[in-house]
Amino acid sequence: MRPFRGADPLLPAALAVLVALSAACGSRLPESDFTSRPPAATPGAPPIRVGVITSATSPVGGDAFTGPRDGALAYFAALNANGGLDGRRVEPLTCDDGGSGAGNHTCVTELVEQRRVFALVATTALDYAAAPRVSRAGVPDVGGQPIGPAYDTHPHLYGIHGSSAPRTGGRPGWNGVLYGGTEVYRYFRRTHGARTAAVVSYNQPSSAAYARLVTRGLRAEGYRVVTEQVDFALPNFRAVAADLRDQRPDLVLDALDGHGNARLCEAMDAVGAVPTAKVTHVQNWDSTVPDQYRKSPRCRNALWATGSSRNHEDTSHPAVRAFRAAMDTHARGVTTRSQWQLEGWAAAMWFTDAARSCLAAGPGGLTRACVERFLTRREPYTARGLLLPVRFERLDRPPRTRRACLSVARWRDGRGWVTQGDMNRNCATVPQLGYRP
């Protein structure tokens, strides 16, 4: 059996923590990074319209969710500059849903019902409230980020990490329960001999719930777990850091917002509590590390990130070089480089490969049904090696174990994110633990 990708089942919970802990209103950012439109590849040929829904402005604030959009737009810009999709230009139409369910419905009304896009690509919605409408309309949603349970619930939705859930449109997963593996914890135990882990959270419901989920996975892998909790209103990170120094955990994981995480690292540096690994997830796998952690160099150089896609700084790989060249050329004003940008690029490539396979069948071959046949074929998709093998299946029962693989990188000053091992070989058969989204 082919190894499956190591998706982070805790990312939706982590994002929920960020939402709960962030300010009530985010900054309003313009969506003008990609204002130039190359001419149609073939004069007179109708463009293929796709929609890109992003919570570009949201309660989380800043540009937390724009990475997949930027990567997808760069891919389509590069595609059009090189003749388009078999001579037809792909026209991406963007919509910012503001991170709200009402805004998400507005975007779906605009793109699906009014502009009649052929498909959605690289959706990154904090509250994908209109997912049932997209599904009922039979619009393929290709390569979206599974921030919530929509991609494990509805047909016609194809998340960037794949799915084994029935996806009948009822309850998410299997009767309302989703499953995720313990491959992250297994990796550090097996590869680095980690035996003790600390989980730091706020005394706030979302943060505490996420911490319990992480703790459960660690204990399933045989770790001794140290739990630390700080007051959300008046956090004493120095006291937590001092206890971490005494407990000497091999790993430190957290259920904190970005600001709190940076303050925790500062406190750890100050007291000399630097673990083997300070583990973060794919959304924080970006080039902002020197700025975010500028006051904590030792903790900064202990940062590790895990995910399901090839390190966006691994320029030894030709597909990564193509991604970075296109971002440099077409993503004007976007200075950050991130893992989510690479995954948005891969989502756009996935749609393009599916559409091209349909166009090869001749005039009239490009249909939504044909695109979905490509997405659901037995052969896993890897986006030229950018993704761990992705496929979709509908299992009546959740698997108890699964062979899962993991992409791993470590931050090093002067070198950036350094790949740790071959992601197609960082694999293990791990238990699948159920949780309710």
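**View 1. Helices H7 and H8 are oblique to each other in this predicted model.** The axes of H7 (residues 237–247) and H8 (residues 258–271) cross at roughly 55° and come within 8 Å. The crossing of H7 past H8 is right-handed.

**View 2. Residues of H7 meet residues of H8.** From H7, Phe237, Arg238, Val240, Ala241, Ala242, Leu244 and Arg245 take part; their counterparts in H8 are Gly260, Arg263, Leu264, Ala267, Met268, Ala270 and Val271. Sorted by class, this contact comprises ten nonpolar, one polar and three charged residues.

**View 3. Arg245 is a residue of helix H7.** Its relative accessibility is 39%, so Arg245 counts as partly exposed. Apart from neighbours within four places in sequence, Arg245 contacts Val271, Gly272 and Ala273. A separation of 7.8 Å lies between the C-alpha atoms of Arg245 and Met268, which are 23 residues apart along the chain.

**View 4. Five strands form an open sheet with parallel pairing.** The strand order is S2-S1-S3-S4-S5. Strands S2 (90–96) and S5 (157–159) are the edges, each pairing on one side only. On average, neighbouring strands of the sheet are turned by 25° against each other, direction ignored.

Note on methods: Residues numbered from 1 in each chain as written. Predicted model: local features only at pLDDT ≥ 70, side-chain atom pairs only at ≥ 80, totals over all residues. Heavy atoms only, no water. Axes fitted to C-alpha atoms, helices over the stretch in contact; angles between N-to-C directions. Helix = DSSP H or I, 4+ residues; strand = E, 2+ residues; numbered from the N terminus. Parallel < 35°, antiparallel > 145°, perpendicular 65-115°, else oblique. Left-handed = near helix turned anticlockwise from the far one by under 90°. Contact = heavy atoms within 4.5 Å. Nonpolar A, V, L, I, M, F, W, Y, C, P; charged D, E, K, R; others polar. Buried < 20%, exposed > 50% of the residue type's maximum accessible area, 1.4 Å probe, protein only. Pairing = 2+ DSSP bridges.
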